[in-house]
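I wanted to look through this fold piece by piece and jot down what turned up. Here is the model I had open.

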Amino acid sequence: MEITKGQEFSLEIDDMGTDGEGIGHKEGYTLFVKDALVGDIVRVKVIKAKKKFGYGRLLEVMKPSPWRVEPACDCARQCGGCQIQHCSYEKQLAWKEKKVRDCLQRIGGFEEIPMEPIMGMDEPYHYRNKAQYPVGYDKEGNPVAGFYAGRTHSIIPNTDCAIQHPCNHMILETILAFMKQYDIPAYEEKKHTGLVRHILTRVGKYTGEVMVCLIINGNKLPHQDKLVEMLKKATDVETTYKIKSICLNINKDKTNRILGEKVVPIYGQTYIEDKIGDITYRISPLSFYQVNPEQTQKLYGTALEYADLKGNEVVWDLYCGIGTISLFLAQKAAKVCGVEIVPQAIEDARENADRNGFTNTEFFVGAAEDVVLEQYEQSGGSLRADVVTLDPPRKGCDEKLLRTVVRMEPKRIVYVSCDPATLARDLKYLCGEGYELKRVRACDMFGHSSHVETVVLMSRKAQ
């Protein structure tokens, strides 16, 4: 049977792809179907057909999978944020663990994988402490905020997201009412006109502090004192969480990048504070800070366990951000050196170290692959690290960095990954350079999405 674009037929879904899409097979032909779930029998329409595989649109669930559940959010299917909210949480965890294992086997070439049970959430809703809502207009010309539909810049209006902190609903509704009352224009991307581009919120899970930041295509916000007044009045009814920061982020560039470099306070300070374990962190609009604090504590606690510090080790923490892992490690290490390319993040890291009383940390600004090599060469090749921790972006580690890490001969490497594919690639390299895979544990930081974090321990083989 030749599969062509426009065909409709029933299909049994027997697997899930890397982005959470369903995978079915029709007479040897593979079809990827967004929103379909393993175990479903569905009716699909082929929207793109290649020689051996294609893509289908889900038309009807004819027989639901035993793992199919009703999404908590009405717009889960349209929104690009939650790819698998229609899947039971138990099955989500099993699939994410399998996803890590499959990548390590297929890409890394590992046969025996020392996998430990995935760290799931106790409550997989309302867990995010950071949100970035694009702002635009509905068909009637009213300002709206929400999320982009998958792979588009079309806004799905939603002020009550099932995975964001509940206080965001009140904040968004207040800002939209302010924009309508004072005729504040939303940004129009294609024309590069209008003012309010995005609304960013951050919530301190353990401190109760809230930040509201409007990203604007201009230098100031008309009637900003009225916005402050309206937000403060709206939050007076909330006793647990209080707004500590209202600020503007200036981004006048014609770009898809959300944040500009300049932050202007209009109420309170330009940061909030939150805690992970016993450590307090200062968080600005530009700071990288994990969005799921409860799972972050599990993730970093596991990294600390894998590092197996006794108190006399020198640790290099590469891609350190604002020092979250660095300070966790500094509780038990003799010295921790952190490296991060974002200058503001390093300022935050130094401030966080000072405020928490750490005197055994040092932070460097620059690309990790350049800073570590530079420090190594300056030391005449004598620079050593007992432990190296890696927490790179999705693209993984630069090979130049991995080469330098190998030359530093750490006894242990702890790798925190947000992408199993690049993790597997990097682990394969390290295993070819004298290291062996000792422990692997996945962590669900982003429930109902296709993303999964992983912590890995590698040890240098005995010479």
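My entries below go from set-up to sheets, helices, hairpins and cores.

**Set-up.** I'm working on a predicted model, where local features need pLDDT of at least 70, side-chain atom pairs count only at pLDDT 80 or more, and totals for chains, interfaces and linings use all residues. Residues are numbered from 1 along each chain as its sequence is written, and side-chain values use heavy atoms, with hydrogens and water left out.

**Terms I'm using.** Helices (H or I, at least four residues) and strands (E, at least two) are DSSP runs numbered from the N terminus. Two strands pair if DSSP finds at least two bridges between them. Contact means heavy atoms within 4.5 Å. Axes are lines fitted to C-alpha atoms, for helices over the stretch in contact, with angles from 0 to 180 degrees between N-to-C directions.

I traced an open sheet with the strand order 9-8-7-10-11-12-13 and mixed pairing. Strand 9 (155–157) and strand 13 (262–268) are the edges; each has a single partner strand, so one side of each is left without a neighbour in the sheet. From one strand to the next, the twist averages 35°. I then checked strand 12 (residues 242–250) against strand 13: they run antiparallel and are joined by six bridges. Ile250 has Lys262 of strand 13 as its bridge partner.

Next I looked for helices on this sheet. Helix 2 (residues 167–181) packs on it and touches strand 7 (130–137), strand 8 (143–148), strand 10 (196–203) and strand 11 (209–216), with its direction at about 150° to that of strand 10. Helix 3 (residues 224–235) also packs on the sheet, touching strand 11, strand 12 and strand 13, and its direction makes about 150° with that of strand 12.

I found another open sheet, mixed in its pairing, with the order 6-21-22-20-19-16-17-18. Its edges are strand 6 (115–119) and strand 18 (361–365), each with a single partner strand, so one side of each is left without a neighbour in the sheet. Ignoring direction, neighbouring strands here are turned by 15° against each other on average. Strand 19 (residues 387–390) pairs with strand 20 (residues 412–417) in the parallel sense over four bridges, and Thr389 has Val414 of strand 20 as its bridge partner.

Helix 1 (residues 89–106) packs on this sheet, touching strand 6, strand 21 (435–443) and strand 22 (453–460), at about 145° to the direction of strand 6. Helix 9 (residues 420–431) lies across strand 20, strand 21 and strand 22, running at about 165° to strand 20.

**Ser450.** I stopped at the loop between strand 21 and strand 22, where Ser450 is found. Is Ser450 buried or exposed? Ser450 is buried, with a relative accessible area of 3% (buried is under 20%, exposed over 50%, partly exposed in between, for a 1.4 Å probe and protein chains only). Among the residues Ser450 touches, leaving out those up to four places away in sequence, are Thr18, Asp19, Gly20, Gln83 and Trp95.

**Helix 7 and helix 8.** I fitted this pair next. The axes of helix 7 (residues 368–378) and helix 8 (residues 399–408) come within 8 Å and cross at roughly 35°. Ala368, Glu369, Asp370, Val372, Leu373 and Tyr376 in helix 7 meet Lys400, Leu401, Thr404, Arg407 and Met408 in helix 8. The buried residues of helix 7 include Val371 and Gln375, and strand 16 (314–318), strand 17 (335–340), strand 18 and helix 8 are among what covers the buried ones. After helix 7 comes Gly380, with a positive phi near 70°.

**Hairpins.** Strand 1 (residues 8–16) and strand 2 (residues 22–26) pair antiparallel over three bridges. Their hairpin has five residues between the strands, and Gly20 takes a positive phi near 90° there. Strand 2 is joined to strand 3 (residues 29–33), again antiparallel, by five bridges. That hairpin has two residues between the strands, with Glu27 at a positive phi near 50°.

**Cores.** Which residues have the most contacts inside the largest nonpolar core? I got Trp316 and Leu318, in a core of 125 residues (a nonpolar core is a set of buried Ala, Val, Leu, Ile, Met, Phe, Trp, Tyr and Cys residues joined through side-chain atoms within 4.5 Å). Apart from that core lies another of 12 residues, including Ile3, Phe9, Ile13 and Val42.
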